[in-house]
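Please open the structure in your viewer and keep the sequence beside it.

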Amino acid sequence: MSTSTTPNTDSQVHWFRNSSPYINAHRGRTFVVMLSGELLDGPRLPTLIHDLALLNSLGIKLVLVHGARPQISARLAESDIESTFKQHMRITDSAALDSVMAAVGALRLKLEGLFSMGLANSPMHNASIRLISGNFVVAKPVGVRGGFDYQHTGEVRRIDVDAIRQQLGNGNVVLLSPVGGSPTGELFNVNAEEVASTAAIALGADKLIIMGEHLRLADTQGNLVRELSPQQAGKLLAGDQYEDNGVDRQLTAACHAASNGVARAHLLDAQVDGALIKELFTRDGCGTLVTRETYETLRGARIEDVGGILELIEPLEEDGTLVRRSRELLENEIQRFAIIERDGMVIACAALYPFPEDKTGELACVAVHSSYRKGERGAQVLAYLERRAREQGLLSLFVLTTLTAHWFQQQGFEAAGIDALPGARQSLYNWQRNSKVFVKVL
């Protein structure tokens, strides 16, 4: 019997091992996940439910919010009622409210049915997930604005946090619909994105995840925008790029949540197969993150970073780009290093060795992970160490390199001879490596 491992199995094992830190980090956390109305009629919905069931099985507390805009519009069209919008909000009269309740009620039942799946050959076999819905959303009328009476269109007054937390504590998934009741017993049609962001803020959720069809934020070159601060998101919204677009509402909700205590808000294109799993259990994800906290940190290295630095520089030592360094040497010189950390992983590093008597310093061990070399991370670490050098009164930096001369020239270094090195460094020059010398005046 063969015991060989197929490449596909190897990749699965590798992925599972790399995902384990996220499995541990997410256990016991509260995530609010919104599915747009378009997704609820799409072919990917059963797979999305399977992925949500997986999150539940991993100990993540889930609050699920669903949209209903296209379903409501379809019900209104069937009843020959025209859909009227003002300021991107639907005006809901009494007749329209009947269509709203019919559409939302049907979607609730559809989701309950999907969460009840448990066939032996399905991903939800033995899942036993209870999807709990109820009057968790308290609403109030929008009222009359700009001369328009919005009638049964409402906005969120509050979320019944205690009741939701009780259900989450029992291991249930809580479902919130875009309809809210008022203390007077009236029902109001509310914006699903508002429900999601308000619930995430009120619950102190660890994440707000908004999933939509073709929900992809791109820059002017068409590249996916990986990360935004709320301020950067606000600038995008101030333009007309997303005007009259579902992305406008979804980005607004993410920005609102990230500005009010939710650590991370994610925008995901559900057309990407496994988008939810990729975003939560891989280092780079596949969507756009809106967060007050930077995803990457540039800082001085600490002793606990030694393992990460060794892992980063090992391939470069093997191909001769860098001189080999032992763990013991790194531990003794760790205060010389600066790193860029991305979600717990060291993705760039460099070291500064000062020669105070000569007013210069050596830049050494400059390394950037192969997956992150298209950015400016090397230049960022260099700038950090240049500031550190100036603070120490150094007037120049020098570097010895065999393979990356062109990059250092782009950073302002100029070719020099060995005699440009401090005397103490000249005596240690490795003639076998025959490294080129470059100097930069600070």
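The stops that follow concern a predicted model.

**First stop: the nonpolar cores.** Select Leu35, Leu52, Leu55 and Met211. These residues have the most contacts inside the largest nonpolar core, which has 43 residues. Next, select residues 94–115, which form helix 5; this helix gives the most to that core, with nine residues. Apart from this core lies another, of 41 residues; Val32, Leu168, Ala253 and Val290 are among them.

**Second stop: Leu52.** Which residues does Leu52 touch, not counting residues up to four places away in sequence? Select Val33, Leu35, Leu62, Leu64, Phe115 and Leu276 to display them.

Select residues 246–258, helix 9, where Gln250 is found. Is Gln250 buried or exposed? Gln250 counts as buried because its relative accessibility is 6%, and buried means under 20%. Leaving aside residues up to four places away in sequence, Gln250 touches Ser36, Glu193, Ile210, Gly212, Leu215 and Leu267.

Select Leu322, Ala364, Cys365, Val366 and Leu400. Of the 40 residues that line the largest pocket, these lie nearest its centre. The space in this pocket is about 950 Å³. Now select strand 20 (360–368), which gives the most to the lining, with seven residues. Other elements that give two or more residues include strand 19 (345–355), helix 13 (377–391) and strand 21 (396–401). Finally, colour the lining by class: 21 residues are nonpolar, ten are polar and nine are charged.

Note on methods. Residues numbered from 1 in each chain as written. Predicted model: local features only at pLDDT ≥ 70, side-chain atom pairs only at ≥ 80, totals over all residues. Heavy atoms only, no water. Core = buried A, V, L, I, M, F, W, Y, C linked by side-chain atoms within 4.5 Å. Buried < 20%, exposed > 50% of the residue type's maximum accessible area, 1.4 Å probe, protein only. Helix = DSSP H or I, 4+ residues; strand = E, 2+ residues; numbered from the N terminus. Contact = heavy atoms within 4.5 Å. 1 Å grid on protein atoms, 1.4 Å probe; cavity = no way out; pocket = protein on both sides within 12 Å on 5 of 7 lines; lining within 4 Å. Points joined across faces, edges and corners; volume = space filled by probe spheres on them. Nonpolar A, V, L, I, M, F, W, Y, C, P; charged D, E, K, R; others polar.
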